[in-house]
Amino acid sequence: MHELSIAHSLVEIAVETAENARMKRVKALYLKLGALSGVVKEALEFSFDVVIQGTPLEGARLVIEDVPVKVFCPDCQEAHKLPEPFPMRCPVCGTRTGQVLEGRELELYSLEGGEGDAADDAKPPNC
Ligand SMILES: [Zn+2]
């Protein structure tokens, strides 16, 4: 399950980004996930929840934006979005194309920070 290692790197990047931005708490991570990224969304969500335990990101949400496949059709000379990643044919004229413009994304594009309110940072009494 390579989603676990992907989740690890996402968390590393996010922690570093949050530190650089002096963000005390991260409420949400926004990720673009292409249909051809090879990542199983549910597995990534699950791994993320496991990986953030004990990190500064604990409690953060992972918001995944699905990116459909967009191909360039040499016949139409236009870009088209595919309703399904496969088969990779132009949805208008049916020409096969391997020119993928979008759909391979695995990109953390935004972090949503919290204010770091005391209420949010409450620790168990015997800590
Ligand atoms: Zn076409």
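Helices (H or I, at least four residues) and strands (E, at least two) are DSSP runs, numbered from the N terminus. I noted that before opening the model.

**Entry 1: ground rules**

I am working with a predicted model, in which local features need pLDDT of at least 70, side-chain atom pairs count only at pLDDT 80 or more, and totals for chains, interfaces and linings use all residues. Residues are numbered from 1 along each chain as its sequence is written, and side-chain values use heavy atoms, with hydrogens and water left out.

**Entry 2: confidence**

I looked up pLDDT, the predictor's confidence in each residue, from 0 to 100. The protein chain has a mean of 90, and 89% of its residues reach 70 or more. Residues 117-122 stay under 50. For that stretch the model has three contacts beyond four places in sequence; a contact means heavy atoms within 4.5 Å. Where pLDDT is low, the predicted coordinates should not be read in detail.

**Entry 3: the whole chain**

I found two helices and six strands in the protein chain. Along the sequence, I read the pattern α-β-α-β-β-β-β-β. I then took the contacts with a separation of 6 or more: 70% of them join residues 24 or more positions apart.

Next I looked up burial (buried is under 20% relative accessible area, exposed over 50%, partly exposed in between, with a 1.4 Å probe and protein chains only). Of the 127 residues in the protein chain, 34% are buried. The chain exposes about 8,000 Å², and carbon and sulfur atoms supply 50% of that. These areas come from the Shrake-Rupley method with a 1.4 Å probe; for residues, only the protein chains shown count as cover.

**Entry 4: the cysteines**

UniProt positions are in the numbering used here, feature names are shortened, and annotations may be inferred rather than shown by experiment.

I checked two of these cysteines. C73 lies in strand β3 (residues 70-73). It is buried, because its relative accessible area is 0%. Not counting residues up to four places away in sequence, C73 touches E78, H80, C90, C93 and T95.

C76 sits in the loop between β3 and β4 (78-81). Its relative accessibility is 26%, so C76 counts as partly exposed. With neighbours within four places left aside, C76 contacts C90, V92 and C93.

**Entry 5: H2**

The unreviewed UniProt entry also lists H2 for "binding site". I found H2 in the segment before α1 (3-20). Its relative accessible area is 44%, so H2 is partly exposed.

**Entry 6**

I looked for aromatic pairs and found one in the structure. The ring centres of Y30 and Y109 are 6.3 Å apart and the planes meet at 55 degrees, so the pair is tilted. The rule: rings of Phe, Tyr and Trp (its six-membered ring) pair if their centres lie within 6.5 Å; planes under 30 degrees apart are stacked, over 60 edge-to-face, and the rest tilted.

Y30 is in strand β1 (residues 25-34) and Y109 in strand β6 (residues 106-114), so the pair links parts of the chain 79 residues apart. Y30 is partly exposed at 21% relative accessibility, and Y109 is partly exposed at 38%.

K32 lies over the face of Y109, at 5.1 Å from the ring centre. A charge sits over a ring if NZ of Lys or CZ of Arg is within 6 Å of the ring centre and within 35 degrees of the ring normal.
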